[in-house]
Amino acid sequence: MPASAIADGLRRIGGGTRRAVARLGFAARFAVAVVLHSPEGLRRLRLTLREIYFAGVLSLVIILVSGLFVGMVLALQGYDVLQRYGASESLGVMVALSLLRELGPVVAGLLFASRAGSAITAEIGLMKATEQLSAMEMMAVDPLARVVAPRFWGGVISMPLLAALFSTLGVYGAYLVGVKLIGLDAGAFWGNMQAGVDFREDVVNGIIKSFVFGVIVSLIAVFEGYDAKPTAEGVSTATTRTVVGSSLTILAADFVLTVFMFRGVGA
Amino acid sequence: MNRSSIDLWVGIFVALGLGAILFLSLRVGNLLTTTNQEGYRIEASFANIGGLKVRAPVKSAGVTVGRVDRIRLDPTTYEAVVTMTVSREYQFTRDTIASILTSGLLGEVYIGLDAGGDTQMLADGARITKTQSAVVIEKLISQFLFDKAQSGGGK
């Protein structure tokens with residue numbers, strides 16, 4: 001019977017859409033609830049400090065090493081193209097602009113999502129699976145204020161600092177390759193960089209980007225953890241969803257932010 | 001991990017992060033040079049500024065002495081009016097020639113100032129009267145071809 005088969009197919013699409021919209025709505029209400037519970041959560045500053053330690057300090061190694069290597073590779077490849085046109089002196093400004101505007105916030109955000117976001121989701125998901133969240137509610141402790149808000153703010157605070165460190169190490173890596181290895185003039189390297197990089201246009205916009213990515217990753221991570229099915233499989237699915245979801249959202253948000261921030265710069 | 005060592009590491013992390021932002025602002029960006037730009041403004045009008053952009057350097061004898069602040073079109077003369085800030089430590093004579101130059105074939109476009117022999121110096125807000133426009137390579141080529149064609153036709 002083709003008619004009922006078509007109806008079945010439509011029903012499946014409809015059910016999927018309804019569930020997706022309901023989940024989105026729940027996520028939005030969850031986000032508002034996290035923000036509303038934040039003052040209560042931030043009153044116990046030690047909890048947030050502990051989360052900055054787990055999300056930020058423990059991500060330092062991967063962020064610093066990646067930043068250094070991204071900067072060094074960028075300098076090697078950039079030099080290869082630039083020297084063909086006799087513009088190798090612009091290496092510094094090219095590396096600095098790529099890192100400050102795009103690579104610093106985006107790559108640091110992706111690394112942060114896989115290093116810290118997944119850990120946050122797994123931790124909250126496991127707390128839910130082992131009924132620790134329900135136990136807290138029984139003891140009149142609000143898990144939103146006690147568990148979720150500190151992790152959210154820990155991520156939001158850590159992310160811009162990590163992105164800035166990533167860009168700094170990247171610029172230093174480019175300096176190592178460009179000046180120490182290839183032998184460009186250090187004065188031209190820094191001078192062109194300072195002439196070409198604008199504080200408001202490039203540095204501040206990069207910090208705004210990394211802050212937005214911090215909010216995105218932290219929110220998705222705590223939401224997926226909180227929303228996870230309380231089983232071993234559910235926690236593993238939620239962790240995967242955090243990494244995939246926040247990476248894709250970072251890339252989409254980066255495109256939108258770039259369109260708004262840098263559209264008129266070249267003109 | 002006990003309390004005080006978590007505090008210590010978070011402190012180190014935040015200090016490092018803020019240090020990185022400071023480094024990006026001061027060493028990579030040019031926050032210091034733009035905010036502390038003590039200088040005086042001078043104007044110059046050109047028939048054609050070529051590829052000159054705002055924030056392009058103003059150089060004299062190859063030394064950067066200032067930056068271009070604003071570029072606009074004068075609606076009556078249809079000339080480009082360039083406003084630039086020059087550092088106070090450099091004074092230029094009133095008959096200074098401002099020309100639009102390019103460093104190398106593909107390099108950046110900048111304004112070159114050549115001081116003359118006048119005894120009076122340019123004041124704040126003064127206008128340079130002697131200017132030399134950008135050299136537009138397409139115009140040069142077309143002029144060259146035109147001259148060639150004409151001399152060829154005369155033979």
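Modeller: What follows is a walk through the two chains, and the model is a predicted one.

Biologist: Start with where the chains meet. How many residues of chain A are in contact with chain B?

Modeller: On chain A it is 27 residues, and they are in contact with 22 residues of chain B. The elements of chain A that give two or more residues to that side are helix H2 (45-55), helix H4 (91-129), helix H6 (143-182), helix H7 (186-196) and helix H8 (199-227).

Biologist: Which of them gives the largest share?

Modeller: H6(A), with six residues.

Biologist: And how do the residues on that side divide into nonpolar, polar and charged?

Modeller: There are 19 nonpolar, five polar and three charged residues on the side of chain A that touches chain B.

Biologist: Now the inside. Which residues touch the most other members of the largest nonpolar core?

Modeller: That core has 77 residues, and the ones touching the most other members are Val95(A), Ala96(A), Val148(A), Leu162(A), Ala174(A) and Val222(A). At least two residues each come from H2, helix H3 (60-82), H4, H6, H7, H8 and helix H9 (232-262) of chain A, and also from helix H1 (3-28) of chain B. H6(A) gives the most, 21 residues.

Biologist: Take Val148(A). What does Val148(A) touch, apart from residues up to four places away in sequence?

Modeller: Val148(A) touches Val34(A), Ile124(A), Pro143(A), Val222(A) and Tyr226(A). There is also a second, separate core, of 21 residues, and among its members are Val58(B), Val82(B), Val86(B) and Phe92(B).

Biologist: Back to H4(A). Where does H4(A) bend?

Modeller: At Leu99(A), by about 55°. H4(A) is also mostly covered, with 29 of its 39 residues buried.

Biologist: What follows H4(A)?

Modeller: Glu131(A) does, and its phi is positive, near 60°. Glu131(A) sits in the loop between H4 and helix H5 (132-138) of chain A.

Biologist: Why does Glu131(A) count as exposed?

Modeller: Glu131(A) counts as exposed because it has 12 C-beta neighbours inside 10 Å, and the cut-off for exposed is 12 or fewer. Ala140(A) counts as exposed too, since it has 6 such neighbours inside 10 Å.

Biologist: How far apart are Val243(A) and Ile157(A) in space?

Modeller: They are 19 Å apart, C-alpha to C-alpha, and 86 residues apart in sequence.

Biologist: Switching to chain B. How many helices and strands does chain B have?

Modeller: Chain B has three helices and eight strands. Along the sequence the pattern is α-α-β-β-β-β-β-β-β-β-α.

Biologist: Into which domains is chain B divided?

Modeller: Domain 1 (1-36) and domain 2 (38-141). Taken over C-alpha atoms, the centres of these two domains of chain B are separated by 39 Å.

Biologist: What is the radius of gyration of chain B?

Modeller: It is 24 Å for chain B, while a compact globule of 155 residues would have a value near 15 Å. The C-alpha atoms of chain B fill a box of roughly 95 × 40 × 30 Å along the principal axes.

Biologist: How many of the residues of chain B count as buried?

Modeller: Of its 155 residues, 23% count as buried. As for contacts in chain B with a separation of 6 or more, 62% are between residues 24 or more positions apart.

Definitions and conventions: Residues are numbered from 1 along each chain as its sequence is written. Chains are lettered from A and ligands numbered from 1 in the order in which they are written. This is a predicted model: local features need pLDDT of at least 70, side-chain atom pairs count only at pLDDT 80 or more; totals for chains, interfaces and linings use all residues. Two residues are in contact if their C-beta atoms, placed from the backbone, lie within 7 Å. Helices (H or I, at least four residues) and strands (E, at least two) are DSSP runs, numbered from the N terminus. Ala, Val, Leu, Ile, Met, Phe, Trp, Tyr, Cys and Pro count as nonpolar, Asp, Glu, Lys and Arg as charged, and the others, Gly among them, as polar. Domain bounds come from an automatic or database domain assignment. A nonpolar core is a set of buried Ala, Val, Leu, Ile, Met, Phe, Trp, Tyr and Cys residues joined through C-beta atoms within 7 Å. A residue is buried if 20 or more other C-beta atoms lie within 10 Å of its own, exposed if 12 or fewer, and partly exposed in between; C-beta atoms are placed from the backbone. The radius of gyration is taken over C-alpha atoms; the globule rule is 2.2 Å times the number of residues to the power 0.38. The bend at a residue is the angle between axes fitted to the seven residues ending there and the seven starting there.
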